[in-house]
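The model comes first, and my entries come after it.

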Amino acid sequence: TEERAPAVCFVTGHGEPAIDGFDPDAYGDFADELRRDHQAPRAITLDRGVPADGDVAVLAGPERTIPKPDAVELDRYLERGGRLFVLFGPSFDAKVTRFVDVGIEDTLDRWGASPRNDVVVDEPRLRGSAVAFAVTQGYADHPITARLMGHQTLWSTVRQIEPTPKEGSVEARTLVHTSDAGWGETDLGIFRAEAELRYDPGVDVKGPVSIAVAAERTAGAGS
């Protein structure tokens, strides 16, 4: 019999990009790439949790706050040995005067990845965006980033995320980081032309800044 294609479950219900759309912000092309790679992407909601046959859950670009019951379902999925791939940047209030929680921060921190409230930038910045930059050397020696070695990846409106290993239960490490010239900008006045985009010692986080993390259970810590 033909081997079952791994089920890639894209969480919906919080303004995430659609996997059946092809506008610039949608994930239709990405979903097609997964199918060509013999994987089975599908959209899910969390009212009944992540399906038992879900090989990985993807939470990508939520635009609305994730309610507590949905965050609990993701935590339950991880508790039973599931894999979760999260993509999200900094979140702000309507007037971009302060950072606000997305609703998944506590869950991520419990599982070894701690998001921080800042906007990460690096030098040199890309043309056309004050907060976009490229990474060429900041990859860890890890299976997830192995194919990125020697390649350039582009990052825009990124938040810092730090590995927070839990002794005896969770291992965590940085996968991608900025150069030494990067920093975590905390003054949102940069988006309102009220502040200069620059590193402020004692206020901002000095590079290299962690922008991607992998966390996994340690041996003997459960399924």
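My entries follow, starting with the ground rules.

**Ground rules.** I am working with a predicted model, in which local features need pLDDT of at least 70 and side-chain atom pairs count only at pLDDT 80 or more, while totals for chains, interfaces and linings use all residues. I number residues from 1 along each chain as its sequence is written, and side-chain values use heavy atoms, with hydrogens and water left out.

I looked up the strand order and found four strands in an open sheet, in the order 2-1-3-4, with parallel pairing. I take strands as DSSP runs of E with at least two residues and helices as runs of H or I with at least four, numbered from the N terminus, and two strands pair if DSSP finds at least two bridges between them. Strand 2 (40-44) and strand 4 (84-87) are the edge strands, since each pairs on one side only. Strand 1 (residues 7-11) pairs with strand 2 over five bridges, in the parallel sense, and I noted that V11 stands opposite I44 in strand 2.

**Helix 2.** Next I followed helix 2 (residues 68-79), which packs on the sheet and touches strand 1, strand 3 (56-60) and strand 4; contact here means heavy atoms within 4.5 Å. Which residues of helix 2 are buried? I listed D70, A71, E73, L74, D75, Y77 and L78, where buried means under 20% relative accessible area, exposed over 50% and partly exposed in between, with a 1.4 Å probe and protein chains only. Among what covers these buried residues are helix 3 (105-110) and strand 13 (210-217). After helix 2 comes G81, whose phi is positive, near 95 degrees.

**Aromatic rings.** Finally I looked up the aromatic pairs, of which the structure holds five. Rings of Phe, Tyr and Trp (its six-membered ring) pair if their centres lie within 6.5 Å, and planes under 30 degrees apart count as stacked, over 60 as edge-to-face and the rest as tilted. The rings of F10 and F30 have centres 6.0 Å apart and planes at 85 degrees, so I recorded this pair as edge-to-face. Because F10 lies in strand 1 and F30 in helix 1 (residues 28-36), the pair ties together parts that are 20 residues apart in sequence. F10 is buried, with a relative accessible area of 3%, whereas F30 is partly exposed, at 38%.

Technical notes
Axes are lines fitted to C-alpha atoms, for helices over the stretch in contact, and angles run from 0 to 180 degrees between N-to-C directions.
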